[in-house]
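Visitor: I would like to learn how to read a model like this one. Please show me.

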Amino acid sequence: MTKELSAAGHSAEYAELDVTHPAGVHASAEGALACHRRIDVLVNNAGVMPLAPLAALRVAE
């Protein structure tokens with residue numbers, strides 16, 4: 001999807017990481033914020049987990 005968005009003139013990036021390692025997820029988000037000052041869209045396609053707002057930080061499930 002990143003290639004298609006870029007080809008259409010949009011800016012898009014992706015990061016492949018292991019979401020079972022919270023430090024890696026945090027570092028990825030911090031890197032995006034340092035580079036771009038904000039995150040407009042974050043898609044986490046890591047599998048099945050209980051439905052909850054991101055702010056709830058239910059990462060143990």
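Guide: Start with arginine 37, which is exposed at a relative accessible area of 77%. Buried means under 20% relative accessible area, exposed over 50%, and partly exposed in between, with a 1.4 Å probe and protein chains only.

Visitor: What should I know about the model and its numbering?

Guide: This is a predicted model: local features need pLDDT of at least 70, side-chain atom pairs count only at pLDDT 80 or more, and totals for chains, interfaces and linings use all residues. Residues are numbered from 1 along each chain as its sequence is written, and side-chain values use heavy atoms, leaving out hydrogens and water.

Visitor: Where is arginine 37 placed?

Guide: Arginine 37 lies in the segment after helix 2. Helices (H or I, at least four residues) and strands (E, at least two) are DSSP runs, numbered from the N terminus. The protein chain has two helices and zero strands.

Visitor: What is the phi of arginine 37?

Guide: The general idea comes before the case. Most residues other than glycine have a negative phi. Arginine 37 is not a glycine, yet its phi is positive, about 75°.

Visitor: How many salt bridges are counted?

Guide: Side chains of opposite charge can pair when their charged atoms come close. The rule asks for a side-chain nitrogen of Lys or Arg within 4 Å of a carboxyl oxygen of Asp or Glu. The count here is one salt bridge. Arginine 38 and aspartate 40 form a salt bridge through their side chains, at 2.8 Å from N to O.

Visitor: Are those two residues buried or exposed?

Guide: Arginine 38 is exposed, at 56% relative accessible area. Aspartate 40 is exposed too, at 61%.

Visitor: What share of the residues is buried?

Guide: Buried residues make up 0% of the 61 in the protein chain.

Visitor: Where is isoleucine 39 found?

Guide: Isoleucine 39 sits in the segment after helix 2, which spans 22-36. Isoleucine 39 counts as partly exposed, at 35% relative accessibility.

Visitor: And where is glycine 31 found?

Guide: Glycine 31 is in helix 2. Glycine 31 is partly exposed, with a relative accessible area of 37%.
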